[in-house]
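Open the model in your viewer and follow along. Each stop says what to select and what is there.

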Amino acid sequence: MSRQFSLAGLLRVRGIQERAAAERLSRAVLDARHTEARDRHLRAALAGEGTEAVDVRSLAALAAARSASRSMLADLTSLAATQEQALAEARSEHADARRAQRGLDRLAQAHALRMRTDELRSEQAELDEIASRMREDEE
């Protein structure tokens, strides 16, 4: 009498999709944290760098280093903005996947409850019939 949940295959697919979305979210979080760490490290290195120029060559080297550092900071800022957007998309995708899976989980639980109720009802009917036969035999 135990009929299988008709959407069991879809439930498995939704579970796989939710795990994949969670993995992408985790990867996006790690990438964003890595970029933030690189940005902090670069800013700390720039703050601690000596700024004394003793001759024209060191002044030119200092100017080139600062220019390259500004370019790297701009690149990191752009990368961080792109990663924040990817992180927001990954969070949204994961939330959608979880919501879809939860809906199917609820349907599966309701199905299991209906099947269990039907089994118990059938069992009770059998017990009632056995009890009525026993009463008939006693009479």
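A note on provenance. This is a predicted model, where local features need pLDDT of at least 70, side-chain atom pairs count only at pLDDT 80 or more, and totals for chains, interfaces and linings use all residues. Residues are numbered from 1 along each chain as its sequence is written, and side-chain values use heavy atoms, without hydrogens and water.

Switch to cartoon. The protein chain shows 2 helices and 0 strands (DSSP runs: H or I, at least four residues, for helices; E, at least two, for strands; numbered from the N terminus). Its radius of gyration is 33 Å, well over the 14 Å of the globule rule for 139 residues, so the chain is more spread out than a compact globule. That radius is taken over C-alpha atoms, and the rule is 2.2 Å times the number of residues to the power 0.38.

Show C-alpha atoms only. They fill a box of roughly 120 × 25 × 15 Å along the principal axes.

Next, select L25, A28, V29, A32, L87 and A90: these 6 residues form the largest nonpolar core (buried Ala, Val, Leu, Ile, Met, Phe, Trp, Tyr and Cys joined through side-chain atoms within 4.5 Å). Both α1 (8-48) and α2 (56-138) supply at least two of its residues. The most come from α1, with 4 residues.

Now move to F5, A8, L104 and A108. They are among the 5 residues of another core, apart from the largest one.

Technical notes
Buried means under 20% relative accessible area, exposed over 50%, partly exposed in between (1.4 Å probe, protein chains only).
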